[in-house]
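This report is meant for someone meeting the structure for the first time.

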Amino acid sequence: MEEILKEYFDLDVMRDTFPEVLAGFWFTIKLSVLAGILSLLWGLVLAVLRQTPGKLGAIIRWPTIAYIDIMRGLPQLIVILLVFGFFGELAESGLLPTEIAIPRWFGQPDPFWYGVVAITLTYGAYMAEVYRAGIEAVPKGQTEAARSLGMSYGQAMRFVVVPQAVRKVVPPLLNDFIALMKDTSLVSVIGLLEVVQVGRDVQQTDLNSSALMLGAIMFLVVTIPLARLLDYLIARQQRNEMRGGTGGDGPRPEQVSTGLAGV
Amino acid sequence: MVADGQTASGHEPTIGELQGAEDPSGTTLSLRGVHKSFGNLHVLAGVDLEVKRGTVTCVIGPSGSGKSTLLRCVNLLTPPDRGTIMIEGKEITQFKGDNLDYVRRRVGIVFQQFNLFPHMNALENVCLAQTKVLGRSESEAKEKAESLLRRVGMAEKLETHPDQLSGGQQQRVAIARALAMEPHLMLFDEVTSALDPELIKEVLDVMKELAAEGMTMVVVTHEMNFARDVADRVAFMDGGVVVEYGAPSEVLGNPREERTKQFLGLVLEH
C-alpha cells in the first residue's frame, strides 16, 4: 500500500516537479483555448456551408460533408501526426517559407502550432455537427418568416437562424471543449512539452508517477468545474423550455411541420 | 410607385393609395389553373381566383383542402407546379432568386404559429427586415415600427420578448411586422387557429380595422362570422379546387353546391 502511495502520491516528487508540470499545463491551457476558439469558428463556417441550399449548393455541400465525415472518422492522434509530417514536407521542399512551415509565432514552439492546426481540423468537424443540430432545431417557420419578409437565404441564416442556434448549442459545445482539452495531451507525440509529456519524462527518469498524477490533478481542477457548469447550463435550458422559453413560436408537437402540415 | 411611403403632397398616405398604382385593372392577385402536388398528394388541382384591389377574400374549407398551400404558393414559399399567378398584372410563377424580391415586397404573410423571432423584442422583430431588406435607417425603422405597434395596440410592449407575450399579442406583433414592409397584399394563414378563444377577438379586430382602411387581404380562416362580416368575397375550397365563390351572403347564406352546404352544416352546428 505504501509503495503504491509512493509511486503515485510522492509529495516530495510533486513538490520538486511542480514548476515544470505547471509550465506544461500552461501549454495545455493555451493550446486548448486557442484551438477551442478556432474550432468554434471553423465549425460554424463548416455548418453554414453544409446547409447551402439548392442544386448548385451541392458543389459546396458535398465536399463539406466529406470533410466532416473524414475528420470525425479519424483518430486525433493520426491527424496530429499527418499535419506534423505534412508541414515537415512543405518546409523541406521549400513550397512554403520557413516562417510558415515551421511556425514559431508568439514565442510558441512549432509543435504547438501543428497541434493547434490538427485539433482545429478535427474539432471544427465535431463542432460543425453540433451547430448543424442547433440550426436544424430552429423551427422551419423562422426561416419562412424571414424569407417572406424579403430577406435572402443568407440574411435569414445570419440574423434569424444562427443567433437562435448558437443559444441552443452552448452546452454541447462546452462538452466538446472539455474533450478537446483532454485531447491536447496527444500533441506530446510530436514533441510538445505539455503537461503529460512532462509527467512522462519524470516517470521515465525517476521511475515514479507522481508528476503524472500531479498533471492529472491539474486537469481535474479545470475539467470538473467545467462539467458542473455544463450540467447547470443544461438544467437551466430545460427549465426554460418547460416554461415555454423557446419563444412560444415553436411548433407544438402535433403541429410539427412535415411540409404538408395545414395543406 | 410610392417607394418612400410619402406621397407628393406630403401627407401620410392611406393604405389604399399605397397599393399598386401600376396596375390599372385593379386586380391585385389572379390565379389561373394553379396545381401543386407533394409526392402523390395532389393538394392544389387547378385553382382559379381573382382578388381585386382593396377587397377582402376569405378562403374557407375543410382541413386538407389546400387553403394554406394556396397562400404559400402566392408568395412562392411553396412554388406551384403548374398554372399562373399574377400579382399586379405581372406573372410571378417562374420567379426565382432576385425576382422573389418583387413578390415578397408586395406580399405580406401572417402565419398560424406567429413565427416571431424569439431572440428579439417586439420592436426589433418589426425593425429587422425594414433595415436589412428595405435599407431604412435604424431610426426610420424604429419610428415606423413604433407607430405600427401602437396601431395594433402593442405600444406598451415594445421591449417585450415574444415568450412574455400572449398568443394574441404575438400575432398582433406579427401583423405589424408584415405591415412594416408596406405590402400591397396581405395573406393571413389561419392566424387565430392557435389562439385561446378569449384572444381571438383582439386579432380579428386588428384585421377588421386593416380591411376598413382598404388593405387587400386574402384570409384563410375558420371564423365564419369574420367571413360573413368582413369579406367582400368568399371562396369555398375542397379537394384542391375552389368549389364555390361569391359574396358572403351567397356562399355562406345561400350556397348552391352540395359540398358547401355539407361543410357549412358541420361548421355552423357549433
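Which residues of the largest nonpolar core touch the most other members? In this predicted model, that core has 53 residues, and those that touch the most other members are Val21(A), Leu31(A), Phe112(A), Ile119(A) and Val187(A). At least two residues of the core come from each of α2, α3 (58-73), α4 (76-93), α6 (110-137), α8, α9 (195-206) and α10 (210-242) of chain A, and α6(A) gives the most, with 13 residues. A second, separate core of 52 residues includes Ala145(B), Leu158(B), Leu195(B) and Leu204(B).

Apart from neighbours within four places in sequence, Phe112(A) is in contact with Phe27(A), Lys30(A), Leu31(A), Leu34(A) and Leu192(A).

Over all chains the structure holds 10 aromatic pairs, and two of them, from chain A, are set out here.

| Pair | Centre to centre | Angle between planes | Kind |
|---|---|---|---|
| Phe27(A) and Phe112(A) | 6.1 Å | 50 degrees | tilted |
| Phe86(A) and Phe87(A) | 6.1 Å | 85 degrees | edge-to-face |

Because Phe27(A) lies in helix α2 of chain A and Phe112(A) in helix α6 of chain A, their pair ties together parts that are 85 residues apart in sequence. Phe27(A) is buried, with a relative accessible area of 17%, and Phe27(A), Phe106(A), Phe112(A) and Trp113(A) form one aromatic cluster. In the other pair, Phe86(A) counts as exposed at 51% relative accessibility, whereas Phe87(A) counts as buried at 15%.

Helix α2 (residues 11-50) of chain A also packs with helix α8 (residues 153-183) of chain A, at an angle of about 145 degrees and with the axes 11 Å apart, and α2(A) passes α8(A) in a right-handed crossing. On the side of α2(A), the residues that meet α8(A) include Phe25(A), Ile29(A), Val33(A), Gly36(A) and Leu40(A), while α8(A) takes part through Val162(A), Leu173(A), Phe177(A), Leu180(A) and Met181(A). The residues of this contact divide into 11 nonpolar, 4 polar and no charged.

Pro139(A) has its place in the loop between α6 and α7 (140-148) of chain A, and with a relative accessible area of 18% Pro139(A) is buried.

Technical notes
Residues numbered from 1 in each chain as written. Chains lettered and ligands numbered in written order. Predicted model: local features only at pLDDT ≥ 70, side-chain atom pairs only at ≥ 80, totals over all residues. Heavy atoms only, no water. Axes fitted to C-alpha atoms, helices over the stretch in contact; angles between N-to-C directions. Helix = DSSP H or I, 4+ residues; strand = E, 2+ residues; numbered from the N terminus. Left-handed = near helix turned anticlockwise from the far one by under 90°. Contact = heavy atoms within 4.5 Å. Nonpolar A, V, L, I, M, F, W, Y, C, P; charged D, E, K, R; others polar. Core = buried A, V, L, I, M, F, W, Y, C linked by side-chain atoms within 4.5 Å. Buried < 20%, exposed > 50% of the residue type's maximum accessible area, 1.4 Å probe, protein only. Phe/Tyr/Trp six-rings, centres within 6.5 Å; stacked < 30°, edge-to-face > 60°.
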